[in-house]
Amino acid sequence: MNPVTHNTMRVKKMNQELVRQALKSMKQGTKSMVAQMTGLSVATCGSILNEMLETGELLELDREESSGGRPARLYQYNVNYAYIACVIIRAGVKVHSLTYRVANLAGEAVEEGQQEAGRIDVAAIEKLIDGLISQYPPIRAVGIGVPGAVYQGVINVSDIPELIHAPLEAIIRDKHGIEVILENDMNSTVYGFYRKQEYDSEKSIAVATFLEGSLPGAGLIVDGHIHRGNTRFAGEIAFLPYGISQAEQLRQLHDRETFHSLAAHAVSSLIAVMNPETIALTGSLVQADDIHLIRQECLKYIPEMHMPQLALLEHPDEDYMYGLTTMTLESLAYSLQLVEKRR
């Protein structure tokens, strides 16, 4: 493709995304209002709005009242123009599960459900996603949350052995020709928790989970951004040098006499490396009274002035799905790096 043509198309896509985001934030607006918010020319906005109206991405409302002259056309973004599907894979002690949600472009749930099975593999996940796309053809992106580490769209560490080394992201993308993201469960959870706080400045926080039958994991936000690390291994706190085998680590986590000490080891490591504002603890092994005991254990290693707020994450499932939904919606947004300025 000619470089000039490529750059022109790229700028056009960026301008379309500016208009799209402006209308989403305004709920409804006129061509002039969109131009003012985006910094684009009125003519450019008019052209983009007309194109989006033709495809059904916009809805035209009753014209805005005018004190004189022809009333301005009023537009609203059509949040049901397309959908996304999110699938959360959970590893249980005896039974695994697939929790799913189909949502519109505002993140509002259209359908939700859950399937349980003794075994979950790529075929089971494909079957669920195939069914959702068949039922909702406007699905444009799929987000998959997994219990394990993900690198270049492939799970390389997981509590579900059948999923390790399977190129799940590429399989779904190639089959359906849609955007697909494969994300670690803790990254999705910490992102959902972080976005719900609506901080007025960028913060550093962590969420650590201690689940029955599983090794611990953590999701990290550093200065407002998910920290995944070079090979997306960041947060795999089960691999900290505890000086014991992972089998012994699992045993001690399930023993109330040793749980607090081992959990505090993990939390103290996060504090020393990240120096976060908040660390939220969650998982079936964590009880409300444990927060204080873990804090006291951490104070054996960490000076009090550097201790973050320790809290119990009360609704981890909600944060997980909210985070995965938000990430999946963001995957549809075109990168805003170059925009046409008002002439």
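**Exercise 1.** Which residues of the largest nonpolar core touch the most other members?

*Solution.* The model is predicted, so local features need pLDDT of at least 70 and side-chain atom pairs count only at pLDDT 80 or more, while totals for chains, interfaces and linings use all residues. Residues are numbered from 1 along each chain as its sequence is written, and side-chain values use heavy atoms, without hydrogens and water.

Step 1. A nonpolar core is a set of buried Ala, Val, Leu, Ile, Met, Phe, Trp, Tyr and Cys residues joined through side-chain atoms within 4.5 Å; buried means under 20% relative accessible area (1.4 Å probe, protein chains only).

Step 2. The largest such core has 29 residues, and I89, I125, I129, I139 and I144 touch the most other members.

Step 3. At least two residues each come from β4 (83-90), β5 (96-104), α4 (122-135), β7 (139-146), α5 (168-176) and β10 (179-184). Helices (H or I, at least four residues) and strands (E, at least two) are DSSP runs numbered from the N terminus. Helix α4 gives the largest share, six residues.

**Exercise 2.** Identify the residues through which α2 and α3 meet, and describe their packing.

*Solution.* Step 1. K31, V34, A35 and T38 in α2 meet V42, C45, G46 and L49 in α3, where contact means heavy atoms within 4.5 Å.

Step 1. Helices α2 (residues 31-38) and α3 (residues 42-55) pack at about 115°, their axes 9 Å apart. Axes are lines fitted to C-alpha atoms over the stretch in contact, with angles from 0 to 180 degrees between N-to-C directions.

Key. Buried < 20%, exposed > 50% of the residue type's maximum accessible area, 1.4 Å probe, protein only.
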